[in-house]
Amino acid sequence: MAMVRQESNKEEDSLFISAPYGVIIPKIDEKDKNNYDWEESSFGLKVPKRKLNKADASSKTKIGIMGGTFDPIHYGHLVTAEAAAERFNLSPVVFVPSGRPPHKQKQKVTDSRERLRLTELATLSNCRFRISDIEVKRTGYSYTIDTVQWFYHHYGPNLELYFITGADAIVEIMSWHQVERLIQYCQFIAVYRPGYERDHLHKTIAQWSVEFSQRIHLIEVPALAISSTDIRERLQKGRSIKYLVPEPVEHYIRAQQLYR
C-alpha cells in the first residue's frame, strides 16, 4: 500500500503533518472508505482502521488474531501478519499484546502499556491492521482461550477466526490452557522461517486428531529470523536496531529510553 498523504480537507491533512514519531498514514481509496472507521489512537491522532463488524448470516468474516508479547514488536511480526492476511484473505488482522503472559512468569517483561503503544506505532501505517487492548485491560494471566472467546462472542458465531503464531508454539499447543475448547473457536496459522525442521512439525501435528490437525495451516516467512530477544540485547549494548523495527518504534524506544 502506497504511503502517501490523503488528499482531503484541511482538517484531515493536518493529521498527517502531526503524525507521531514519524508515522506515515496511508491513503484510503474513495471506493474503500466505507470499509474503514476514523478512530483516535492513544497519541491523539485520528487514523483509518479497518471496520470490525459483526458477521451476518450472508457472509463469512475472516479475522486474523496476532497474539504475542511484542517486547518489542518488529518487522518479523509485521511481515508475518501481512503474509497471513494475503494467504488466507484476512481483514483485518488484530494485534493483541499480552497483558501478563503465563509462559513468561520468570522473565522480565516490559510494561504492557508501553508494549501496546509500540504495537500501535508499528501498525498505524497499515489500515488493514488493528490493535486490541483486551489483554492489557484484563486482570490475571493472558490466556488465548479468553481472547478468542471474546472475539467469537462479540462479533458473532459466523466469524472465522485465525490465530497466528509461531511453529514452536504450535508444537507445544497441547500444553496450552483449555486447548480442547480453543480449537473449537479458531483455526491456527503456524509460521516458520526457512530452514525450520518441518518434518518434526509435520510428525507432531500428525499425532493429533484429524479434526485438530486440519485446523492448523503452515506458512513460511523469511523475516522471522528477527527476534525481540536479539533487539533487546542490542539496545542494552547500545547497538543499532535500524531496519529491524519500524522507524516510529525505534524513535519511541529511544525517546522513552526503553530496554536499557
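## Helix α11 and its neighbours

The buried residues of α11 pack against α3 and α10. Contact here means heavy atoms within 4.5 Å, and buried means under 20% relative accessible area, with exposed over 50% and partly exposed in between (1.4 Å probe, protein chains only). In α11, the buried ones are P248, V249, E250, Y252 and I253. Helices (H or I, at least four residues) and strands (E, at least two) are DSSP runs, numbered from the N terminus.

A quick note on what you're looking at: this is a predicted model, where local features need pLDDT of at least 70 and side-chain atom pairs count only at pLDDT 80 or more, while totals for chains, interfaces and linings use all residues. Residues are numbered from 1 along each chain as its sequence is written, and side-chain values use heavy atoms, leaving out hydrogens and water.

## How α3 and α11 cross

Two packed helices are described by the angle between their axes and the distance between the axes. For helix α3 (residues 112–123) and helix α11 (residues 247–256), the axes come within 8 Å and cross at roughly 150 degrees. That makes α3 roughly antiparallel to α11. Angles under 35 degrees count as roughly parallel, over 145 as roughly antiparallel, 65 to 115 as roughly perpendicular and the rest as oblique. The axes are lines fitted to C-alpha atoms, for helices over the stretch in contact, and angles run from 0 to 180 degrees between N-to-C directions.

So who meets whom? On the α3 side you'll find E114, R117, L118, L121 and A122, and they meet P248, V249, Y252, I253 and Q256 in α11. By class, this contact has 7 nonpolar, 1 polar and 2 charged residues. Ala, Val, Leu, Ile, Met, Phe, Trp, Tyr, Cys and Pro count as nonpolar, Asp, Glu, Lys and Arg as charged, and the others, Gly among them, as polar.

## The largest pocket

Rolling a probe the size of a water molecule over the atoms shows where empty space is left. On a 1 Å grid over the protein atoms alone, a cavity is a set of points where a 1.4 Å probe fits but cannot get out, and a pocket is an open set with protein on both sides within 12 Å along at least five of seven lines; lining residues have an atom within 4 Å of a point. Grid points are joined across faces, edges and corners, and a volume is the space filled by probe spheres set on the points.

The largest pocket holds about 1400 Å³ of space. Its lining has 46 residues, with G68, H103, T165, G166 and A169 nearest the centre. Elements giving two or more residues to this lining include β3 (61–68), α2 (75–88) and α10 (228–236). The lining divides into 19 nonpolar, 20 polar and 7 charged residues.

## One cavity

There is 1 cavity of 30 Å³ or more. The largest cavity has about 40 Å³ of space, and T69, D71, K104, Q107, K108, V109 and R232 line it.

Most residues other than glycine have a negative phi, and most peptide bonds are trans. D71 and P72 are joined by a cis peptide bond, with omega about 0 degrees, and P72 sits in the loop between β3 and α2. Another cis bond joins S91 and P92, with omega about 5 degrees.

N89, not a glycine, has a positive phi of about 55 degrees. N89 is exposed, with a relative accessible area of 59%.
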